[in-house]
Amino acid sequence: MSDTENEATDEAVAPETEVAAVAPPADDQVPAAAKGGRRFLIAGNWKLNAGGTDGCDLALAVARTAADHEETEVVVAPPFTAIAAVSNELYNKKSDVAVAAQNLYFEESGAFTGEVSASMLRIAGATWAIIGHSERRQLFGETDEAVLKKVIAANAGGLKCIVCVGETLDQREAGQTIAVIERQVEAFASELAKSGGDGVIAYEPVWAIGTGKVASPEDAQEVHAAIRGMLAKVDADFSQQTRILYGGSVKANNAEGLLSQRDIDGALVGGASLEADNFGKIIQIAAKLARQG
Ligand code: PGA
């Protein structure tokens, strides 16, 4: 259904938003091209919002901005109910914007009322799946074991993964951040490596999600570098190829500092992804940083 290889065409309308002014990166910051060739990925997690025609309108607005900023890979994650419609709209517009599911079930079929499998999501047009989001872990009891099963199911079903990890405020204050992230990453890293460099990890400190409290670029970079080190234990190439996104209150006004960091390869955006202008500006900032590289 959705063909992410399609080139954007003249059908795409120029974005209505102005390109945000982006200062050149400071000396200690590294432009995208120096990040081992990893392309920026900006993903919008719509959560329990925009599940109908409003999702199609939002996706088309995102597609208009993305068409002019091909340096940046763009993904939107609507609720299950809008995946097919959004995928169709993007396909009809020949947009490169890809569609992610916010979750999947690890079984392929059977008596699992209310669940959706990887192959169903592929048929609906999704090419990505977000796995292990902290809201799934905290509100729906998703364990590291379930996350692993979902990564296996996504690999088997042809979905690329965005696997989320992150510490709570209590864990951070107790100095457990790296230990918590390591436990979460080790649960799925070997399986993620099987998809080569296609798999993505999102570092989302739980205390920063939906709170307006963003991690400082330096604090985020420290954890991202640690995650890359954990991946290197599995495979050096996998570690260098894997994009590690930051998530947690990313907005147009704080994206530049984060995306300029050496090991931050994009953003998983919640609240701001529901505002086409704000999300569009984050895409533009990533594209501009990539061009500066
Ligand atoms: P937020 O959400 O940007 O609203 O903090 C991020 C996420 O949960 O992925």
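**Note on a helix crossing and the ligand site**

1. Helices H1 and H2 cross in a right-handed sense, that is, with the near helix turned clockwise from the far one by less than a right angle. The model is a predicted one, in which local features need pLDDT of at least 70, side-chain atom pairs count only at pLDDT 80 or more, and totals for chains, interfaces and linings use all residues. Residues are numbered from 1 along each chain as its sequence is written, and side-chain values use heavy atoms, without hydrogens or water.

2. H1 spans residues 53-67 and H2 residues 80-92; they pack at about 35°, their axes 9 Å apart. Axes are lines fitted to C-alpha atoms over the stretch in contact, with angles from 0 to 180 degrees between N-to-C directions. Helices are DSSP runs (H or I, at least four residues).

3. Gly55, Cys56, Ala59, Leu60 and Ala63 of H1 meet Ala85, Val86, Glu89 and Leu90 of H2 (contact: heavy atoms within 4.5 Å). By class, this contact has 7 nonpolar, 1 polar and 1 charged residues, Gly being counted as polar.

4. The ligand is surrounded by 13 residues, the closest being Lys47, His133, Glu204, Gly210 and Ser249 (a heavy atom within 4 Å). Their classes are 4 nonpolar, 7 polar and 2 charged.

5. A polar side-chain atom of Glu204 is 2.6 Å from a ligand oxygen atom. The protein covers 97% of the 280 Å² of accessible area that the ligand has on its own (Shrake-Rupley method, 1.4 Å probe).

How values were computed: A polar contact is a pair of N or O atoms within 3.5 Å; within protein, one must be able to donate a hydrogen and the other to accept it, and residues adjacent in sequence count only if both atoms are side-chain atoms. Helices (H or I, at least four residues) and strands (E, at least two) are DSSP runs, numbered from the N terminus.
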